[in-house]
Amino acid sequence: IKQKKRHMGDTKHFCPVNLKENFVLYPGLQEHAAKYKEKIYYFSTSEYRDKFLKNPEEYVAHNEPLQAPPLRVCLLGIHGAGKSTCARQIADKLGIFHIQFEEYLQELILPKTKRKVGPYSDEDREDDSKIPEKLEDFSQTMTKTETEKSKQEVELTDEEEAIKANLMDNTELPPEILDKIVPDWWKKEPFRSTGFILDGFPRTSDEARYLSERGLCPDVAVYIQVEEGDILNRLFPPCLKKWKDRRHKKKEYKKKLKELKAKKRV
């Protein structure tokens with residue numbers, strides 16, 4: 001085994017062409033192997049093997065070792081598992097970017113929706129928007145909200161509708177939309193040279209397959225496994241408090257509105 005390791009190329013079992021051109025550690029395959037200067041190199045595709053053989057000196061180490069790409073981590077887990085909390089701590093400790101996938105999608109459509117969408121944000125916002133801040137402006141507020149609603153009905157593009165459906169119902173994003181988002185984290189600065197921890201992606205086998213097909217390999221994939229009871233104990237109390245606060249606010253509003261209407265009659 002030690003003898004075989006000594007005869008492997010500079011990138012060991014990773015594809016040297018992927019490392020050079022895409023700055024990604026992509027595992028090579030034995031069926032796409034080639035020998036150069038008594039060392040064996042493995043490649044992710046036969047095309048990359050042929051490319052290497054045409055100009056091998058471009059892909060091997062010379063005076064110093066080849067530079068490895070920065071750390072890229074995918075952090076997975078169900079809602080409420082604590083992914084974002086852990087991801088922030090890891091990103092701060094390692095000096096890499098923290099990318100929260102769902103928040104990133106929210107930012108893409110926020111200029112048109114004007115508020116966050118999704119099962120965990122819509123209810124609170126809708127209830128709050130029904131209560132005017134100043135009861136004295138109640139009549140004016142009612143007319144304003146009607147006109148504002150018509151102004152705010154901005155038409156979303158097909159791409160934005162797909163993102164909204166993903167946030168609302170967890171509908172999978174098609175590859176053509178993912179192509180405009182995900183590869184940049186591997187291939188463009190400042191992520192390319194700094195590294196990142198991607199929180200909440202991939203979530204399905206199709207999304208994991210998408211990464212594999214595009215050659216976007218994370219160095220580590222971490223799945224946070226949490227008991228349902230622990231998640232319930234963590235998420236239920238703050239949700240209950242929000243519901244109680246909203247209910248109290250509605251009662252106070254109705255009470256003051258009733259008093260205001262009684263004054264107007266007098």
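1. A salt bridge is a side-chain nitrogen of Lys or Arg within 4 Å of a carboxyl oxygen of Asp or Glu. Side chains of opposite charge can pair when their charged atoms come close. This structure holds 14 salt bridges.

2. A word on the source. This is a predicted model, where local features need pLDDT of at least 70, side-chain atom pairs count only at pLDDT 80 or more, and totals for chains, interfaces and linings use all residues. Residues are numbered from 1 along each chain as its sequence is written, and side-chain values use heavy atoms, with hydrogens and water left out.

3. Start with Glu-213 and Arg-214. Their side chains form a salt bridge, 3.9 Å from N to O. Glu-213 is exposed, at 56% relative accessible area. Arg-214 is partly exposed, at 32%. (Buried means under 20% relative accessible area, exposed over 50%, partly exposed in between, with a 1.4 Å probe and protein chains only.) Asp-179 joins Glu-213 and Arg-214 in a network of salt bridges.

4. Next, Asp-10 and Lys-39. Their salt bridge spans 4.0 Å, N to O. The pair links distant parts of the chain, 29 residues apart: Asp-10 lies in the loop between α1 (2–6) and α2 (16–22), Lys-39 in strand β2 (residues 39–43). Helices (H or I, at least four residues) and strands (E, at least two) are DSSP runs, numbered from the N terminus. Asp-10 is partly exposed, at 32%. Lys-39 is also partly exposed, at 32%.

5. Last, Glu-21 and Lys-51. The closest N and O atoms of this salt bridge are 2.9 Å apart. Glu-21 sits in helix α2 and Lys-51 in helix α3 (residues 46–54), 30 residues apart. Glu-21 is partly exposed, at 32%. Lys-51 is partly exposed, at 36%.
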